[in-house]
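Visitor: I am new to this structure. Please take me through it, with a close look at a single part.

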Amino acid sequence: MSQPQFRTPKGTHDVLPEDQQYMTYIKKAVRHRARQAGFKRVDPPIYENRAIFERGIGAHTDIVEKELFLVSSKQSGDDAAELALRPEFTAGICRAYIEHGMQLLPQPVNFYAIGPCFRHDRPQKGRYRQFHQFDFEVIGLKDASLDAQLIQVLTKILSDLRILDRLTLQINNIGNSDNRKMFAQAVKDYFIGKERHLPEIDRNRLQTNPLRLLDSKEEDTQILLKNAPRLEQFLDAESKDYHATVLDYLETLGIKYVENPGLVRGLDYYNQTVFEFWDQSTGAQNAVGGGGRYDSLMELLGGKPTPGLGYACGIERIIWHMKEAGVQAPNKDNVDVFVAQLGPEAKKSCLKLITDLRELGVHTVGALGEASLKSQMRLADKFQAKYTLLLGKMEVKEGTIILRDMKAGKQKQIAFKQVVPMIKKLLGERNLDTYTLKDQLGPGEVDDD
Ligand code: HAM
């Protein structure tokens, strides 16, 4: 086969129908748990003023320093040069909270978001340049019970998707900014004279963001850190107390966790609680989700001091775990009825028949080309249709149609005008796809994406 002229850009992929089933299923689980817990959906734009990410996430983080996709436009003179694709949702949602005066709403304001994010990462397994997140944020109130409850919503989602037992909840408290400043200074002092033993990447981090040394993947750094000052030595009483209360509430809710003093997260806006869900076998590599508290972010973005808390999960990584665990997402794209026809008159009748069946909520596919009946039947097999309807010249003349049960391999001739009620009966009212109809009649599930 010749090579296609165009391919998806590096680090991106097409979400083909097989993965759409997983995507839809995950979104449903997210929406369901979000509604139960009073979260409302918000969609910030896919691109925003780059300063929102730079100020929010932090100028010296990998995400901002190396991974922002800048958006440019052929129009000169507008603000295009100042825009960037969102690498995450949190900063944009906080910008929306300020922009729409949401501090006037009852607090906390609970939001969730689902959609693509963009990071110019080095593509590898589980790491893409365009990926999807679902994200939860609790803004406007600070209480340790909110931290525990938010983590509980995520454990419920992961449990609904049947992958919770493959993961461990890692949790830490990184104190307030004064605590971290003192710690950063102590780490810098500790490394005086030892810098040259650090790998280059961590030598730079020591200057710009010493906290990040704690979760360095470099073995040399981890060895050197063994005798270094530890962050927990610098936590104030309030942070320690807050952490103990969060852990107490997690226990009350029956949520298992692992205390991890090395967990610091890669975004600068966090304070106090931070957590991640790790793969039990690979650990920190490719965390499925992570988050924490960000009580100073709103001020960085020009708002009033407002506490916040949230997390995000990578949908591709969740799909990977579901497949590994043998969890099959339900397939709603099945074909109920395949309609085969022969001759111009039959074709016209079939056009109408297909419409009637679809209106009823029957998944119907028709072979309206000029193929032979035999090849149409082969197609019906490929579509794995439950029933096939055959309308040839003879049947049109007689006012009949052939109904074939594909699994049983049996067929019978019935009156054409009986075919729609017959299919309805065979499939069962319950199995008809009447989503939008139900929705118009009253409260039903809205199957948006
Ligand atoms: P994050 O840890 O940067 O946190 O990303 C959350 C999740 O997104 C990761 O655990 C991972 O599953 C997924 N993810 C991140 N980068 C990639 C990538 N290149 N390819 C595939 N998946 C990826 C945040 O984004 C914070 N905004 C979370 C948060 C919300 N904190 C407070 N509120």
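**From the whole to one residue**

Guide: The secondary structure of the protein comes to 16 helices and 16 strands. Helices (H or I, at least four residues) and strands (E, at least two) are DSSP runs, numbered from the N terminus. The radius of gyration is 28 Å, well over the 22 Å of the globule rule for 449 residues, so the protein is more spread out than a compact globule. That radius is taken over C-alpha atoms, and the rule is 2.2 Å times the number of residues to the power 0.38.

This is a predicted model: local features need pLDDT of at least 70, side-chain atom pairs count only at pLDDT 80 or more, and totals for chains, interfaces and linings use all residues. Residues are numbered from 1 along each chain as its sequence is written, and side-chain values use heavy atoms, leaving out hydrogens and water.

Glu-48 sits in strand S2, residues 47-49. Glu-48 is buried, at 6% relative accessible area. Buried means under 20%, exposed over 50%, partly exposed in between (1.4 Å probe, protein chains only). Leaving out residues up to four places away in sequence, Glu-48 touches Phe-53, Glu-82, Leu-83, Ala-84, Gly-92 and Arg-95, where contact means heavy atoms within 4.5 Å.
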